[in-house]
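Try each task before you read its solution.

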Amino acid sequence: MAQNNKLLRIEDLVLHFNTSQGPVQAVDGVNFELDSNRAVVILGESGCGKSSLAKAILRLLPRNAGTYSGHIYLQGQDIMSFAEEEFRQNVRWGSISLVPQAAMNALNPVIRVGEQVAEPAIVHLGVDKTGAISMVKKMFQHVGVPEDFISRYPFELSGGMRQRVVIAMALVTSPVLIILDEPTSALDVLTQANIFNVLKRLKHELGISFILITHDIATSSELADDVAVMYAGQIVEVSDAYRFFDKPLHPYSQKLLASVPRLHSDKEPEFITGRPPSLINLPKGCRFADRCPARFEKCVEDPPVIEKEGRNVKCWLYS
Amino acid sequence: MISSVSQVKDTEKEESKRKILLSIEDLRVWFELKRFGFSHAGYVKAVDGVTFDVHDSETIAVVGESGCGKSSLMKTILGLYKPTEGKVVFDDKDLSELDTKGMHWYHSNVGYVQQDPYGALPPFMNVQKILEEPLIVGGIKDKEERIQRVHTAMDEVKLTPVDDFLQKYPHMLSGGQQQRVVIARAMIMGPKFLVADEPVSMLDASVRVEILKLLRGLQEMHNLSVIYITHDLSTVSYFSERIFVMYAGNLIEKAKVRQVLDNPLHPYTVALLTGTSEPDAKNAETLKELPPGEPPSLVNPPTGCRFHPRCSKAIQGLCEVKFPPEFEPEPGHFVSCWLYQ
Amino acid sequence: MTVLKNSIRDLLRYPSAILGSVIILFLLGVTVYALVTIPYSEAIRLWRGGEDVWYQNPKYAAPAWFNLFSTTKKPVSFAVNTSDGSMLKTITPSSDPNISTVDITYTFDYAYDSVPQELIIYFTSQYKEKLSFVSVSWITPDGRTIRIADLAANSKLTLRFSQDQKLQKRLKTEDVMEAIFADPNSVTQAPLKGRYQLVIAGTTFEKDATIDAEFVLHGELFGTAGTDKYRRDLLLPLLYGTPIALAFGLLAALGTSLLTMVIAAAGTWYGGWLDELIQRITEVNLVLPFLAILIMVGTFYSRSIWLMLGVTILLSIFSGSIKTYRSIFMQSKESSYIEAARAYGASNSRIIFSYLIPRMIPLLIPALVSSVPGFVFLEASLAVLGLGDPVLPTWGKVINDAFADGALYQGRYYWVLEPAILLMITGFGFAMLGFALDRVFNPRLRDI
């Protein structure tokens, strides 16, 4: 794959937080790549570090951030080496936008929706108010929000509408990549489906790439071109969506898929015994070993990432 | 021990012989809206004509999106709201005719499992206190007996070793463990039925299955009836026998699970099924066909069939005028839609 | 409860909490000391006793330690008497069995830069018919002897040096103190420093007659806290006022906070007319002039501190905090666990007391602590306005007396400052602790 096709390449990304109980190794050596106009889903349960991954990519570090290292190549440039001001102007919201978790509840309740969506345009692109409003109107068209909603307040909108507004906010600066953190977990079925329709159209019409962070395996398949499974701070499998949903490689991925209840199948969903490890006291060796049905002696060592037919899996079973 | 849904289906035939435990008759629950606290400004018609029966040992799912009135329905069943019209009849007793003692008896027969496991547990009480509360309220004065029942309940929800957990406070437990405490609390008075409001939607994917399995096991062990309220259709086939689909205060489709999943009749049900995703990579290539708009306000619902403004199959001159009655296109499968007259 | 232990640990991380706690502990220490060393009846006696209790003290004396801070040393008061042996008394019988000589001397060093206010000798003598006779002399450091007085001593005789007219004539000046302390060789008015001696030569004319004397020097300074216009030792109201101030403040704060919370909880939970009623009462109460009502009660009924406390609490429970608690209760009311409690049939009172209120206690504690200074100041304000408890020695009463006497205009700052500083320290201590508590408990508000 040619280098210029790669929109994003993450190499050995590490982000640890300092807490009174010790360092939380939320992101512990993450590697994956994303091509242009594709969507990758970071699949993982709560506590695996996926939200921290989003923050790590956008350098939204909390005050207790500890180790922060690695490389993030955006269109060939290592944005980790950017100075803070440069990062803020060019990368954050300029090239990469974020729709954080529960963003629809984080809209400012006393400012009209149109103004809130216009703000990134005004701040980042230096557009004046009128220009910004016309951009807002265009974005609203893309996400399917009626134009007259520009003058409404957040409380006047339903949950689904608010989420579309937040997506419009992420879009307004024409980023090449949007990171979405659990965009639909609080929404109803039909609203959720509508949002994914919006995202699919955006991908198709505007050529935007997405990183979708979620624990919902079923809905992740609505947008995924590629899937990266995260467990205990590490990526344990990267695969294209087709082969992933058909035959996942890593035992954890397999168990995840088996735990999804199906509409049209009589097979009992399974659950995974035990709990994910705490990110402070990580076990040595393979972090999934104590819950893995296929565990064997080699697993006391940390497995390497093995490439198998264009898919990556971090498991001794494939060495 | 019943281990798959198919075996449950074999016992369908015995259904008609099963006693009706709970009967909801034309239930309406309206909330008055007051302007400035004084003048009348209309009603929120949260539940507007709901009728159904729940049999012994039966699990039914009430499916609907937010704003359809399922929470109000559930709370009325729990005895927290009073019906504006219609009846809730439990074990042949009309709830509105029960006195305080009667309500106490009713409350000890219904268990409530809530959606948010952390919010459902008082943060300043430890597990033991939390579980003792319903017993104390239910009049069990003997401390020994209460401890005994707490231990039994904890065993049943598999929070073992019990003594380890009894002293913990809710924030020390994981989401799954918290939900187990909620279930233990719901079960502790030995109820005849449970009302479970989205019991797993706030839990992680792999934990959901565990909790649903637990609920199913408890249901079988104690012959409980369960009213399982959810918006996630994919769990319904795992954990229910019949589904009721609710929209804007009415039940628009009632049938056995398999009937609804294989042959959804009401356009709204069809939409719900379309909207529910299964893990399939092909999903990313297609847009879903969904009804436009949003669920209506319960203060001024649309005239006639409440779904008609969003329905692609609406019959002009009929659907927007008259409210559709229930039709039974196939045995046991009821639908409120003019398409099936 | 582990919650409590954790909270205390968090709290101690704040310097303001430590400072506040130290101050409060100090005040508590003073309270204990005051209550232990001065029983209630004794305190009242000392405060309201009258001249015979206070006679030993000078009027308007500043605290003795003032001398540490000034270059000119002012004389410190003292009192000595023959009964406890602080003054030497020797009885010498003579050949006549009825007549004896009683010699009383007192020697002391005087190193101050100004003369005392007054010297007084109180004679008590016992006899049946014949009066005893005393002759008082004064020996200066440079050896001069000044005859002070020759008197017949009846059972109670008081000799005030400055007011004795014969002495004034003898010394040819009205300013007796000046005269007996002055240095004859110096031009300035500074007293001669050195060893002075008071000599009392007494004669008794009966066999069992006795003479006892008490010699009091009224300097310009006295004791730890000085004295007021009535010669009362100010240390008493300062010490004894501490438990009173703390008790009033804490009881009022506690009573008000708890009752307010229960009322707010009940109103919010039951809703309907009860809630409306409570809100309306609160709104009316907010407009009522609090202090004016207290003044009326004090003027027309009684100024007893317990009555004041009761009325204060009564008027304070329907305060604005009801609205704050109500809004938080309304939020809590919707919590899932309250819903669950209703679902398993918990009664209303159980929900209020076992579920809503325990949730509020972390909020209550900082509010309670922070409200104590307000009440302490209230009690002092009432006293300053003349409505203080008529019997008890309180800080406010001291300030009241000082203002009534125009202390500030006369430069007697200590009289006002001492109680004022104590009031300030109390307020400061509780406020500091309250702030820190607020910061510790506030994050928990997010969990509601």
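**Exercise 1: where chain B meets chain A**

The contact between these chains takes 34 residues from chain B and 40 residues from chain A, two residues being in contact if their C-beta atoms, placed from the backbone, lie within 7 Å. This is a predicted model, in which local features need pLDDT of at least 70, side-chain atom pairs count only at pLDDT 80 or more, and totals for chains, interfaces and linings use all residues. Residues are numbered from 1 along each chain as its sequence is written, while chains are lettered from A and ligands numbered from 1 in the order in which they are written.

Task: find which helix of chain B gives the most to the side that touches chain A.

Solution. Start with the helices of chain B that each supply at least two residues to this side: helix 1 (5–10), helix 8 (205–222), helix 9 (236–239) and helix 11 (267–275). (Helices are DSSP runs of H or I, at least four residues, and strands are runs of E, at least two, numbered from the N terminus.) Helix 8 of chain B gives the most, with 5 residues. Finally, sort this side of chain B by class: 13 residues are nonpolar, 13 polar and 8 charged. Here Ala, Val, Leu, Ile, Met, Phe, Trp, Tyr, Cys and Pro count as nonpolar, Asp, Glu, Lys and Arg as charged, and the others, Gly among them, as polar.

**Exercise 2: where chain C meets chain B**

Task: describe the side of chain C that touches chain B by element and class.

Solution. First, the contact takes 16 residues from chain C and 20 residues from chain B. Next, helix 12 (336–343) and helix 13 (348–387) of chain C are the elements that give two or more residues to the chain C side. The largest share, 6 residues, comes from helix 12 of chain C. By class, this side of chain C has 9 nonpolar, 3 polar and 4 charged residues.

**Exercise 3: a helix pair in chain C**

Task: how do helix 2 and helix 15 of chain C pack?

Solution. Helix 2 (residues 15–37) and helix 15 (residues 413–441) of chain C pack at an angle of about 140°, with their axes 7 Å apart. (Axes are lines fitted to C-alpha atoms, for helices over the stretch in contact, and angles run from 0 to 180 degrees between N-to-C directions.) Helix 2 and helix 15 of chain C are therefore oblique to each other; angles under 35 degrees count as roughly parallel, over 145 as roughly antiparallel, 65 to 115 as roughly perpendicular and the rest as oblique. Among the residues that meet are Leu19(C) and Ile23(C) in helix 2 of chain C, and Phe428(C) and Met432(C) in helix 15 of chain C. By class, this contact has 12 nonpolar, 5 polar and no charged residues.
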